[in-house]
Amino acid sequence: MPYKRFTINDRITLVQETGVANFMRCNIWHVKGRDFDLVIDTGMGLDPLKQWIVSDRNKPIKAVVTHCHFDHSGCLHEFDTRMGHHAEADILANPVNEQVVYDGPWTRIAIVDPKQHPDYSHHTYKIKAAPLTDHLDEGDVVDLGDRAYQVLHLPGHSPGSIGLWDIKDKTLFSGDALYDGELLDSLYHSNIADYLQTLERIESLGVDVFHAGHFPSFGVERMQYLINSYREGNNSLGDILEWFDSNKDQLTNIFSDQNWSKIPQ
Ligand SMILES: [Zn+2]
């Protein structure tokens, strides 16, 4: 099976690609709504995704991309409604490998399982163009009819990173602005000053549950630990090639279900 589904609650299902290395595997969130369903992020695009987003009540499905990187935007093109931040609209309309941060270090090790994807080659991999149909920005609301999500602009990891904030359930879909792992702030369009501001903002929101772009969901104590560690300089990924080298021993069983996080629990 190219995707696995995990039920979080009545409203939220987590979908994950099985053939992608666990440290790279994006969380794809399916949120059920009264008027339509949402899919938040779409994986690498190695297999069609839409058919795995089961909408048992036959609702239309709209896609939100938290940012343009290849591990999140690969299947965006499958959805008729494609929402994201205008700062990354040009990249999504013309997804050049360098700009979706695919080129370079990620191609140094096999991030895709050759057993599941024998035709995959990092030389030919390319994301399909998925021009945004709706621009989301700070202050916008994505209203599913029975639940509304506030759009938060959370730059730092990338300039157009957004989060979806459910103030009622105190749940934040945080994308790669904050996940339970080492933060990536050294990409070509990352900005550390923005990242620090974004983390300060996240800290002040009053979030109970984080459903992030990678790794398991977490709560407020973990949030504080992750943010404090980042501020102290202990929770950024830094140079990706060095990271590969220093984690060589652990980069063995990377296609397992085990969630990758080097940060102590
Ligand atoms: Zn990511």
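Q: How do the residues lining the largest pocket divide into nonpolar, polar and charged?
A: The general idea is a sorting rule: Ala, Val, Leu, Ile, Met, Phe, Trp, Tyr, Cys and Pro count as nonpolar, Asp, Glu, Lys and Arg as charged, and the others, Gly among them, as polar. Here, the lining of the largest pocket has six nonpolar, seven polar and three charged residues. This is a predicted model, where local features need pLDDT of at least 70, side-chain atom pairs count only at pLDDT 80 or more, and totals for chains, interfaces and linings use all residues. Residues are numbered from 1 along each chain as its sequence is written, and side-chain values use heavy atoms, leaving out hydrogens and water.

Q: Which residues lie nearest the centre of the largest pocket?
A: Rolling a probe the size of a water molecule over the atoms shows where empty space is left. On a 1 Å grid over the protein atoms alone, a pocket is an open set of points with protein on both sides within 12 Å along at least five of seven lines, while a cavity is a set where a 1.4 Å probe fits but cannot get out; lining residues have an atom within 4 Å of a point. In this case, 16 residues line the largest pocket, and Gly45, Leu46, Tyr120, Tyr125 and Lys126 lie nearest its centre.

Q: What lines the second largest cavity?
A: Pro2, Tyr3, Glu17, Thr18, Gly19, Val20, Leu46, Asp47 and His117 do.
A: Joining grid points across faces, edges and corners, a volume is the space filled by probe spheres set on them. The largest pocket has about 250 Å³, the second largest cavity about 40 Å³, and two cavities reach 30 Å³ or more.
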